[in-house]
Amino acid sequence: MNGREVRRFRPRFRAGHAAWLLLGGFGLAWGLAGGGLCPSGRAAQRDSGRIEARVDALLRQMTLEEKLGQMTQVDLGALKDRDDLWRLGLGSVLCGGNTDPEDNRPATWRRTVLDCQRLTLQNRLQIPLLFGVDAVHGHNNVLGAVIFPHNIGLGATRNAHLVESAARVTADEMLATGIHWAFAPCLAVARDPRWGRTYESYSDDPALVAELGAAAVRGLQGNAGRDRYGALACAKHYAGDGGTTWGVDQGNTECDEATFRGIHLAPYRAAIRAGVGSVMASYSSWNGVKLHGHRYLLTEVLKGELGFDGFVVSDWAAIDQLHPNYKEAIARAINAGVDMAMIPNGPGQANSYRDYLRYLAELVREGRVPGSRIDDAVRRILRVKMRLGLFDKPYTDETLLARLGSAEHRAVARRCVRESLVLLKNEGRVLPLSSKVRRLHVVGPAADDLGMQCGGWTISWQGGTGTVTPGGTTLLAALRKAVPAGTEVTYSADGTDEAAAAAADVILVVVAEKPYAEMMGDRKELNVPEEDRARVRRARASGKPVVTVLYSGRPLILGSVLEDSHALVAAWLPGTEGDGMADVLLGRAEPVGRLPRVWPRDNQHLSTSEAEADPLFPRGFGLGYARASR
Ligand code: GLC
């Protein structure tokens, strides 16, 4: 695709469409009547009944140790003796942000995952393993996988269909490596951009998070209905992770129940309606009570009132935070409603998965954890594994490997990038870069740095700089490919090449946050880094038109960057497909992105509630080329 055919296709409605609509309507009615197309109605009820009967039958055969094994998820890095998989009947394995098989190539991932499955299936009842990974913006741990814009960029698209397509591609690339479970979507409603996980949140508006989160669930799990999943999604982190005071990661969300429900529970209602099969509990607290020990929210609200019938997994060693005595911590988490514990520690380490199994068995025998709670947890886990089809088909289709990182998948990500860009300023209509631009001078180390384009949770937990993964395209490379013949693109990472600046028709400066994840991204202030402000200032001093493109996981305090730029584009953390940015900058696609969250004016008014009174840019703002404002 050379970018030219990316103009947004707007079909005119024709008589033929009417016929399709009529046929489609009949088809839908037939399906809803249980005709079998979409397995709702009678077919779904039959499925559901069959699954519940199979779960009951299996549960009756299980020993206590086998049940507790299902309630245990172990990080691959802690699994030194992989025979524990069948010996202890472990329910799940994950690869956390920094855990990878010996090398990070797709085929190695697949071989490792299938080996774990083969070992697990040697357990007495042949209960299959559920393998999970943080596929939060593509299958982002794996070399060569397509890396999508982080959720804040997808939020700027406001395009639920596109978010669903992106999740579908992610599921395909994840299943290609044998993995069924993505710890996504994050349903945080990030209300303070000082939080290092703001970019994992679609928006500070719960309604937009709900709409796009449900779309991601459908994309990951497929539309087969509640009783059949393509892959398994995981709504996280339940709940209120994005509402902590000052945006402190794993902090305390302080508000009354009506506010908590209106902002932080709303997206979970939508995800449960979309059929999400798992939920991850939040490290954070609500009014001082840790979510992992919050029986009211985890059991009475989530499983009771909201009717969630999948299972709750803890976060990484989050149970340990409930009490200094690990056994007591386990009792509090399981009794509150955690069904599966995510355990990063192995034999020889404190709070290992073997400690967990031993303590939980003691707690049951001492009557401190009721057998009924164990049965409820295991029933939920087995139900989800059966809905995934794991018992019948524990191994995924190897032919999917050929599509991992494919041009077809990259085209979906490229469209996400295009639609995520938000044009904040366009003085003198500097953008789009017209074909009259004969010399384009590009400045800024991030302009040619794939790692900075992708941000955290890319190949490693914190992300990195440089060519972190193969198959991607930096903005500089994309521009060099896409500019019209005869246009020269020069580059100066530090912006000190004055001759090139003097010779240029336009100077494009890329300003960027360095990659980070979770608490490592927590900040007290959000100023654009001084070295970036200096580069934009120097570009402006050249007297040439200045276009600034910003890579960030959140709105930043722009300071002089706004005045010194003729045009300003928020690109968020776009991922591997830099071509999508070139499409917009060169006018092959309109900028359609709109701010998914309010853009604060200064460091004194950073949270949504503070910034909304007098924002630099309101939520929903975004300019187009054809129109001065949207
Ligand atoms: C992390 C994150 C969570 C992630 C989990 C497994 O600490 O909080 O989002 O899914 O651990 O990597």
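In the predicted model, the C-alpha centres of domain 1 and domain 2 lie 35 Å apart, the bounds of these domains being taken from an automatic or database domain assignment. Domain 1 comprises 21–93 + 132–402, whereas domain 2 spans 421–611. Because this is a predicted model, local features are reported only at pLDDT of at least 70 and side-chain atom pairs only at pLDDT 80 or more, while totals for chains, interfaces and linings use all residues. Residues are numbered from 1 along each chain as its sequence is written, and side-chain values use heavy atoms, with hydrogens and water left out.

The contact between the two domains (heavy atoms within 4.5 Å) takes 38 residues from domain 1 and 38 residues from domain 2. Between them, the domains bury about 3,000 Å², of which 54% is on carbon and sulfur atoms; buried area here is the accessible area (1.4 Å probe) that two parts lose on being put together, summed over both. On the side of domain 1, the most area is lost to domain 2 by Pro193, Arg194 and Tyr199, which together account for 22% of what that side buries.

Polar contacts, defined as pairs of N or O atoms within 3.5 Å in which, within protein, one atom must be able to donate a hydrogen and the other to accept it, with residues adjacent in sequence counted only if both atoms are side-chain atoms, join 28 residue pairs between domain 1 and domain 2 (both at pLDDT 80 or more). The count of salt bridges between the domains (a side-chain nitrogen of Lys or Arg within 4 Å of a carboxyl oxygen of Asp or Glu) is 1. The side chains of Arg197 and Glu518 meet in a salt bridge, at 3.5 Å from N to O. Helix H6 (residues 151–157) contributes 4 residues, the largest share of the side of domain 1 that touches domain 2; helices (H or I, at least four residues) and strands (E, at least two) are DSSP runs, numbered from the N terminus.

Gln73 lies in strand E1 (residues 72–75) and counts as buried because its relative accessibility is 0%, the class being set at under 20% relative accessible area, with over 50% termed exposed and values in between partly exposed (1.4 Å probe, protein chains only). The side chains of Gln73 and Ser92 are joined by a polar contact of 3.0 Å. Beyond four places away in sequence, the residues touched by Gln73 include Trp181, Phe183, Val313 and Met340.

In helix H10 (residues 295–305), the buried residues are Leu297, Leu298, Thr299, Val301, Leu302 and Lys303. Helix H10 is followed by Gly307, which has a positive phi, near 75°.
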